[in-house]
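Take a look at the chain shown here. This report walks through its metal site, its charged pairs, its aromatic rings and its surface.

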Amino acid sequence: MFSSFGQEKDFTSSLYASYGKYKEPSLDKRRIKHVDIQPLINTLSNNPKFKVAVVGKSIEGRNLSLISIGTGPTDVFLWSQMHGDEPTATQAIFDILNFLTSTDFKSEKENILKNLKLHFLPMLNPDGAEIYQRRNTLGIDINRDALSLQSPEGRTLKRVRDSLNADFGFNLHDQSTYYNAERTNKPATISYLAPAFNYEKDINEVRANAMKVIVYMNKIIQKYAPGQVGRYNDDFEPRAFGDNIQKWGTSAILIESGGYHNDPEKQEIRKLNYVSILSAIYSIAKGNYKSIPLADYEKIPENDRKLFDLKLNNLTYNLLGKNYMLDVGIHQLEVDDAMHQNYYNSSRVVDQGDLSTFYGYETLEGKGLSMTGGKVYPKTLASIKEVEQLKVMDLLRSGFTYVRVENIPKDKNFIELPINVIGKNYKVPEFKMRVGINPNFLLEQQGKPRYAIVNGFLIDLKSGEGNFKNALILR
Ligand SMILES: [Zn+2]
C-alpha cells in the first residue's frame, strides 16, 4: 500500500517536471475566447479515443461541447468557466487533454481510463468569455441559476450532470487575486470547497468523498506553493450549482484559482491546476483517496480577502498643517481594451488608515516618508515620441509624475513609461489621499523624493527599480 502511494507521488512530480510538453501553446493568455478552443475541440473529435458531442448552446448560439474519454465504471465530470472571466482551468483542461492524447505515462493512463470515464465541458459561458465578464448574456450569474434554470448554459450543465449521474464533479473557477490564506500574507493561489447540500452542513458519503479528494490535492499544492491554499466557507447556498450537484449525488469539488506573486497571466496557477487535477483523477481511479482522514479537511486554512497589490505602511500625511500616520492599500486594477484581448492597469487607493490586518503582494515600510502630490513637468511636449526621449527617472526625482502633450493619439490609454501623460486641457486634481483616487505621489525623505508612486506602482528612485507596468494617458 505504501509503495503504491509512493508511486503516486512520483506520478505527481513527473507531471510537474514534464508539464511543458503538454501545455497547450495556443492558450497562453487569460483572455481566451470560444474561437480559440474550437480548433482544439475539432482535433479531438477526429481522434477515435475521444467522443465529442455538442450538448448545448449559449444564448448567443455558441456550441457547448462535451469531450469524453475512458471506459471505466466511475464517471468524473469537469466543467470550467461558467463565469466568463475565469479561464485558468479551461487552459488546464486542454493541457490535460494533451496529456491524454500523448503516448507517455502509459501505465498510469491505462489505469485511469480503464477505471474512469472522464467528461470535460470547457468554457460553459462562452458569451461571457467573449467580453471577459463574469455573467452571461442574460446578465445573470449562472452559478445562481441551478434551481431557476433560466440560462441555456445552466440547463446544459444540469442535463449533462443528470445524464451522466457522475460520481465526481469538478467545478472549476477563478477567484480574486486579493484572497489570502487566513492571517497570512500568502495569496490563496488555490482555494477549495466541498459545498454543503443543506443548511445543517451535513456530511454524507458523497460530500465526504469530495472532502477527501480536496485533502489529497491540498497536499500536492502545499508542495509547490507552500501555505498558498485556502478553504471556502461552506455556508449552504440553495441556488448554486456546486451545492445542488452535491445534493443530486455527485461529489462536488470546487476549485478556485487565485493569485500568485509575479504571475499576472496565471500560468503557474494553470500548471498547478494541471498537476493537482490529474493527480486527483489518478487517485480516484485507484480508489486510494478513500483512506484519507476526513478531519484533515478542516485543517486547511480558511480563505480571507486581505491582500493589496501594493501596501504602504506608516506614511506621514500632512493635512491642514498637521501630520498624521496612514497605511495605504492599492489595487492595480485591469482595464480591458475594446476587443477584450489585452488590458492595461489603472490603479486605485482602496483603503487607508490602520491596515495592520492586511497584506500586500508588495509592501513598503514607510516610516519617516511623507507623501506629497506629483507635479506637472513645466514644458509641454508635442508628441508621445518626445516623452519617450525624456529621462523619465530624472523627472520623477524632481517630483514630476505628469507630462503634458499636445497631440495624443485617440486610441492610446496608457504608456509603458513611469510618467502619466496628460492632454492640453487636463487639470490635475489637487493631491488629497482618499479612497478611490488614482495614486500618483512622491514619498519624501528629509524633503527629497525617495520613492515615486505612479499609477499605483512603486518606483525606487535610488535604484530606479520597481515592478512597474504602465502609467495612464489622461485627456
Ligand atoms: Zn466563478
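Is E86 buried or exposed? E86 is buried, because its relative accessible area is 6% and buried means under 20%. Keep in mind that this is a predicted model.

## The zinc site

The zinc ion is coordinated by H83 through ND1, by E86 through two OE contacts and by H173 through ND1. These contacts run from 2.0 to 2.6 Å. The angles among the four donor atoms go from 55 to 152°, and the site is irregular. Why is it not tetrahedral? Tetrahedral sites need all angles between 85 and 135 degrees, and the angles here span 55 to 152°.

In sequence, the donor residues follow the spacing H-x2-E-x86-H. H83 counts as buried because its relative accessibility is 2%. H173 also has 2% relative accessibility, so it counts as buried.

## Salt bridges

E86 lies in the loop between β3 and α3, and R134 in the loop between α5 and α6 (152-164), so the pair ties together parts that are 48 residues apart in sequence. R134 counts as partly exposed, at 34% relative accessibility.

How many salt bridges are there? The count comes to 26. The table lists some of them.

| Salt bridge | N to O distance |
|---|---|
| E130 and R62 | 3.9 Å |
| R231 and E298 | 3.5 Å |

The bridge between E130 and R62 links distant parts of the chain, 68 residues apart. E130 is in helix α5 (residues 126-130). R62 is in the loop between β1 (51-57) and β2 (63-69). E130 is partly exposed, with a relative accessible area of 27%.

The bridge between R231 and E298 spans 67 residues. R231 belongs to strand β8. E298 belongs to the loop between α9 (267-286) and β10 (303-304). R231 counts as buried, at 12% relative accessibility.

Some charged residues join in a group. R30, R31, E265, E334 and D336 are linked in a network of salt bridges.

## Aromatic rings

Now turn to the rings. The structure holds 21 aromatic pairs. One of them is Y179 with Y232, and this pair is tilted. The ring centres are 5.8 Å apart, with 55° between the planes. Y179 lies in the loop between β5 and β6 (180-181), and Y232 in the loop between β8 (229-231) and α8 (241-247), so the pair ties together parts that are 53 residues apart in sequence. Y179 is buried, with a relative accessible area of 17%. Y232 counts as buried at 19% relative accessibility.

Y199 and F236 make an edge-to-face pair. Their centres are 5.0 Å apart, and the planes stand at 85°. Y199 is in the loop between β7 (190-193) and α7 (205-224), while F236 is in the loop between β8 and α8, 37 residues apart. Which side of this pair is covered? Y199 is exposed, with a relative accessible area of 58%. F236 counts as buried, at 12% relative accessibility.

Rings also gather in a group. F11, Y19, Y22, F99, F105, Y274 and Y282 form one aromatic cluster.

## Surface and span

P238 is another residue in the loop between β8 and α8. P238 is partly exposed, with a relative accessible area of 25%. Its C-alpha atom is separated by 50 Å from that of S370, 132 residues apart along the chain.

Finally, look at the outside. L319, L320 and Y324 form a nonpolar patch on the surface. Together they have about 340 Å² of accessible area. L319 is found in strand β11 (residues 307-319). L319 counts as partly exposed, because its relative accessibility is 30%.

Conventions
Residues are numbered from 1 along each chain as its sequence is written. This is a predicted model: local features need pLDDT of at least 70, side-chain atom pairs count only at pLDDT 80 or more; totals for chains, interfaces and linings use all residues. Side-chain values use heavy atoms; hydrogens and water are left out. Patches are made of residues with over 30% relative accessible area and no salt bridge: like charges are joined within 9 Å, nonpolar side chains (Val, Leu, Ile, Met, Phe, Trp, Tyr) within 5 Å. Accessible areas come from the Shrake-Rupley method with a 1.4 Å probe; for residues, only the protein chains shown count as cover. A salt bridge is a side-chain nitrogen of Lys or Arg within 4 Å of a carboxyl oxygen of Asp or Glu. Helices (H or I, at least four residues) and strands (E, at least two) are DSSP runs, numbered from the N terminus. Buried means under 20% relative accessible area, exposed over 50%, partly exposed in between (1.4 Å probe, protein chains only). Donors are N, O and S atoms within 2.8 Å of the metal (3.2 Å for Na, K and Ca); water is not among the atoms, so sites may look incomplete. Four donors count as tetrahedral if all angles lie between 85 and 135 degrees; four count as square planar and six as octahedral if opposite donors are over 155 degrees apart and all others between 65 and 115; anything else is irregular. Rings of Phe, Tyr and Trp (its six-membered ring) pair if their centres lie within 6.5 Å; planes under 30 degrees apart count as stacked, over 60 as edge-to-face and the rest as tilted.
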